Amino acid sequence: MAEYNMTPVSVPQINTKYRTIKTAIPVPESLPVFEKLKKSEPRSMMGQPPVLWHKAEDFTVSDKWGNRWIDWSSCVLVSNIGHAHPEVLTALRQIIDQGLLSTYVFVHEQRAELTELLQSMAPDPSDYHVFLLSTGSEATENCIKLAKTYAMEKYGAERRYIITFKNAFHGRTLGAQLAGGNPNQKKWLATPDPSFVQVPFPDGYKNQDVSFDLFLKSLADAKIEPHQIAGVMTESYQGVGPDFMPVEYAQALEAFCRKNDIVLVFDEVQAGFGRTGKMFCFQHYGVTPDLIACGKGISSSLPISAVIGRKDLMGLYAPGSMTSTHSGSPLCVAAAVANLKVIRREKLDERAARMGDILVPELERIRALYPDRLGCMHGKGLVAGIQVVKPGTREPDSDTALDINAKCLQKGLLMFAPVGIGGECLKIAPPLTIAEDALREGISVFEEAVNEALGG
Ligand SMILES: Cc1ncc(COP(=O)(O)O)c(C=O)c1O
């Protein structure tokens with residue numbers, strides 16, 4: 001996989017309302033920190049554009065040397081209400097002043113406020129409960145466990161399969177990786193658990209058969225009967241694209257799960273809390289998940305995640321037997337409460353939809369300038385991706401994707417490193433608060449970088 005150049009390069013200086021570039025990139029003075037980390041960390045922690053983050057405010061990120069970027073990363077789809085939102089900062093200061101930093105699962109007031117808030121966002125609040133955790137992986141793991149527990153208790157061990165999708169990502173812990181659909185991430189599982197099975201995702205580009213028949217055929221080919229399936233889990237959109245399901249497919253999937261009493265899980269860790277123009281992405285499909293895994297944008301900042309799920313499933317474990325040391329950690333909870341209130345009050349889901357109406361057609365216009373190199377563009381609300389391919393093929397071109405991404409960095413537009421199965425996807429995910437003129441400025445910088453990489 002291609003890597004960022006760590007040798008400082010002199011680049012044209014930039015000074016606009018939102019972007020400032022006044023040094024070589026990467027900044028020479030930042031390199032000792034990268035060197036220190038190289039000595040004390042696994043190399044897996046490197047791989048992002050070489051910026052030494054010093055301050056991140058709303059939709060910009062700054063370093064110590066006066067450079068400032070428009071942020072198209074939101075960290076990695078975390079900062080939905082923008083970085084360091086004043087209401088999150090105030091909520092954190094209040095908890096610090098109150099003197100409550102850790103509680104295990106002893107009760108504190110803000111925890112009840114958060115579970116109630118999240119419950120009110122459930123498809124039918126009276127039928128759903130909320131379980132707080134710390135990371136997205138913990139949330140998806142918990143969904144797997146609840147689906148399997150429900151099936152085992154009600155039907156016995158034969159109902160054991162968890163069906164997920166090829167190219168899916170649900171986190172990096174064992175269960176989440178068993179459920180994931182990227183073969184490269186599963187190599188370490190020398191003997192994968194055969195009860196985890198992946199079927200093609202109907203993305204319409206990498207897999208052009210978007211019919212639900214392919215789901216049924218894939219199960220039949222694997223000799224799996226519906227009564228053997230405990231749960232089906234899917235990202236609401238697949239992060240590698242972002243790839244969305246056709247509405248008819250999602251509804252057919254829901255009907256299949258209902259008919260066979262299979263637990264339907266939507267992983268909203270990346271898609272939730274307004275990102276796609278609705279509070280949850282599954283709402284675009286008109287379906288009702290049994291379990292919803294949440295993370296990232298739940299706090300726009302500190303590490304907290306949640307499972308919002310059908311009461312009967314959430315009640316499967318006795319008091320004290322489904323917990324985690326940092327479930328409901330006070331600072332994280334306070335950040336999440338403040339964050340959710342901002343999303344609701346400012347209607348940031350609706351704002352994301354409006355900004356998406358600018359972003360998505362503009363990206364499609366840029367894609368159409370180089371149709372044999374920019375294979376496809378998918379997007380909804382304030383998440384989008386363009387897949388860079390080798391000329392006239394659908395083969396990933398990770399070198400060119402990285403080149404475009406690095407050029408954006410030099411011009412004051414920050415994106416996280418390309419994603420996708422082959423590192424080919426330039427993913428765009430600004431905070432939902434991004435000002436319209438900053439969004440448009442980012443689009444023109446992106447177009448400039450694409451032209452420099454592909455034009456002429
Ligand atoms: C869809 C999805 N599920 C789960 C996870 C895992 O979340 P975390 O990294 O917080 O464990 C991610 C993280 O990128 C994700 O995008």
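Colleague: Which residue stands opposite Leu133 in strand 14?

Modeller: Please bear in mind that this is a predicted model. Strand 6 (128-133) and strand 14 (residues 305-310) pair in the antiparallel sense over six bridges. In strand 14, the residue opposite Leu133 is Ser305.

Colleague: Which are the edge strands of the open sheet of seven strands?

Modeller: The order of this open sheet is 6-14-13-12-9-7-8, and its pairing is mixed. Neighbouring strands are turned by 20 degrees against each other on average, direction ignored. An edge strand pairs on one side only, and this applies to strand 6 (128-133) and strand 8 (196-199).

Colleague: Which helix gives the most to the shell around the ligand?

Modeller: There are 13 residues around the ligand, and those that come nearest are Gly136, Ser137, Gly171, Val269 and Gln270. By class, two residues of the shell are nonpolar, nine are polar and two are charged. With three residues, the helix that gives the most is helix 5 (residues 136-155).

Colleague: Is helix 11 roughly parallel or oblique to helix 13?

Modeller: The axes of helix 11 (residues 348-369) and helix 13 (residues 436-454) come within 11 Å and cross at roughly 10 degrees. Angles under 35 degrees count as roughly parallel. Therefore, helix 11 is to helix 13 roughly parallel.

Colleague: How many residues of the contact of helix 11 with helix 13 are charged?

Modeller: Helix 11 passes helix 13 in a right-handed crossing. Helix 11 brings Met355, Ile358, Leu359, Glu362 and Ile366 to the contact, while helix 13 brings Glu436, Leu439, Ile443, Phe446, Glu447 and Val450. Eight of the contact residues are nonpolar and no residue is polar, and the number of charged residues is three.

Colleague: How many residues of the contact of helix 12 with helix 13 are nonpolar?

Modeller: Helix 12 also passes helix 13 in a right-handed crossing. From helix 12, Thr400, Asp403, Ile404, Lys407 and Cys408 meet Val445, Phe446, Ala449, Val450, Glu452 and Ala453 of helix 13. One residue of this contact is polar and three are charged, and the number of nonpolar residues is seven.

Colleague: Which residue of strand 16 stands opposite Met377?

Modeller: Three strands form an open sheet in the order 15-16-18, with antiparallel pairing. Strand 15 (374-380) is one of the edge strands, and strand 15 pairs with strand 16 (residues 383-388) over six bridges. Opposite Met377, strand 16 has Ile386.

Colleague: Which strands of this sheet does helix 12 touch?

Modeller: Helix 11 packs on the sheet, where it touches strand 15 and strand 16, and its direction makes about 175 degrees with that of strand 15. Helix 12 packs on the sheet as well, with its direction at about 35 degrees to that of strand 18. The strands touched by helix 12 are strand 16 and strand 18.

Definitions and conventions. Residues are numbered from 1 along each chain as its sequence is written. This is a predicted model: local features need pLDDT of at least 70, side-chain atom pairs count only at pLDDT 80 or more; totals for chains, interfaces and linings use all residues. Two strands pair if DSSP finds at least two bridges between them. Helices (H or I, at least four residues) and strands (E, at least two) are DSSP runs, numbered from the N terminus. Axes are lines fitted to C-alpha atoms, for helices over the stretch in contact, and angles run from 0 to 180 degrees between N-to-C directions. A residue is near a molecule or strand if its C-beta atom, placed from the backbone, lies within 6 Å of it. Ala, Val, Leu, Ile, Met, Phe, Trp, Tyr, Cys and Pro count as nonpolar, Asp, Glu, Lys and Arg as charged, and the others, Gly among them, as polar. Angles under 35 degrees count as roughly parallel, over 145 as roughly antiparallel, 65 to 115 as roughly perpendicular and the rest as oblique. A crossing is left-handed if the near helix is turned anticlockwise from the far one by less than a right angle, and right-handed if clockwise. Two residues are in contact if their C-beta atoms, placed from the backbone, lie within 7 Å.
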